[in-house]
Amino acid sequence: MIVHLEQGINDHAKQGIIATITEAGFKTNEVKTQSAHYLVCIGSRDVDLRRVGYLQGVKDVFHISDAYKLVSRKWRVEPTSIDLGDGVRIGEGSMAIMLGPCSIENEEKTLHTVQHLKEQGVRMMRGGVFKPRSSPYAFRGSGIEGLKMFHAICKEHGIKIITEVMEISQIEPMYPYIDVFQVGARNSLNFNLLDALGSTDKPVMIKRGISGTIEELLYSAEYVFSGGNEKVILCERGIRTFERAARNTFDVNAIPILKDKSHLPVVVDPSHGVGIREYVIPIALAGVIAGADGVIAEIHERPEEALSDSQQTLSFQESAMLINRVRKTFDLRQSFNV
Ligand code: PEP
Ligand code: MN
């Protein structure tokens, strides 16, 4: 059950509501987000919602049968759309395109990518500065100095930044230079990190874990939301299966399932999803047709020279093809709904 409290409710009224709910056999969790105040109530008994709904200070009350609550579509029926400012949005009714290298390299390459994105009308750039690499000897990113350079170039050209945060201590130094925090697949179940991101007011995109279930991804999103941050985005990036022909198995099923179970925007990452350059565009389009609200993919001016994930990185020419086809496919999907 979610109890939506009146904004500015006094402590006396709140304690009265908590007492009634506790007496009915529920454990209450108070959640204050950027825009609202809730009690998320966990319990197995049936309760007459009217008994709670009539209490002073209650705006609305909802019964949610799902194990996750705040990210459930049973509660918030309208899909969430996240405003990044300057006309950039992620969510229902639009197609967010986020492109860039796996890792931010140098100033010249970053500028060339920004110029390519501008020519194509793309408003968001991806690029890691803290890289989770399987081998400790591989390139591990250009760090906070790289991020400052990335930010200076993007700011000048009106491009928003999405980049991965790997640990709690990085949140604060990264904060001024990013627009969306990305939680990588390896950190998808790092509950301390997710909790800490609940205290920020910038959007958080959570990638599905390498062996993560759809339900686990929704629970991870619930961590951030219940920590106080409503701006959460889900990302399908492929999972590890017995199949070895591709780097990962892109789970196209996850897209309509996540859209159905949650009100949060769903983004697809075909680059990590398949891991093979030639297949990135068709997999992206499959994600768009299946209902994705955005695509995040890896591009580089000379993919074969990229410092990480070069085998799945598209050239600028391929990137232009991806953008064009994603937009056309999105328009086609929209036409199905009318
Ligand atoms: C990335 O986006 O470059 C990345 C490391 O992704 P993932 O966490 O999905 O492996
Ligand atoms: Mn990568």
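How many residues surround ligand 1, and which are the closest?

## Surroundings of ligand 1

In this predicted model, ligand 1 is surrounded by 13 residues. The closest are Arg126, Lys131, Ala185, Arg186 and Arg237. Sorted by class, the shell around ligand 1 holds 7 charged, 3 polar and 3 nonpolar residues.

Ligand 1 is located in the largest pocket.

## Polar contacts and cover

For Gln182, a polar side-chain atom is 3.0 Å from an oxygen atom of the ligand. For Lys207, an N or O atom of the side chain lies 3.0 Å from an oxygen atom of ligand 1. For Glu298, the distance between a side-chain N or O atom and an oxygen atom of ligand 1 is 3.3 Å.

On its own, ligand 1 has 300 Å² of accessible area, and the protein covers 97% of this area.

## Cysteines

A disulfide is a covalent bond between the sulfur atoms of two cysteines. How many disulfides does a search of the whole structure find? The search finds 0. Cys235 is in no disulfide, and the nearest cysteine sulfur, which belongs to Cys102, is 13 Å away.

Are Cys235 and Cys41 buried or exposed? Cys235 has 0% relative accessibility, so Cys235 counts as buried. Cys41 also counts as buried, because its relative accessibility is 1%. The cut-off for buried is under 20% relative accessible area.

Conventions:
Residues numbered from 1 in each chain as written. Chains lettered and ligands numbered in written order. Predicted model: local features only at pLDDT ≥ 70, side-chain atom pairs only at ≥ 80, totals over all residues. Heavy atoms only, no water. Near = heavy atom within 4 Å. Polar contact = N/O pair within 3.5 Å; in protein donor to acceptor, adjacent residues only side chain to side chain. Areas by Shrake-Rupley, 256 points an atom, 1.4 Å probe, with all protein chains shown as cover. 1 Å grid on protein atoms, 1.4 Å probe; cavity = no way out; pocket = protein on both sides within 12 Å on 5 of 7 lines; lining within 4 Å. Sits in = over half its atoms within 2 Å of the grid points. Nonpolar A, V, L, I, M, F, W, Y, C, P; charged D, E, K, R; others polar. Disulfide = S-S within 2.5 Å. Buried < 20%, exposed > 50% of the residue type's maximum accessible area, 1.4 Å probe, protein only.
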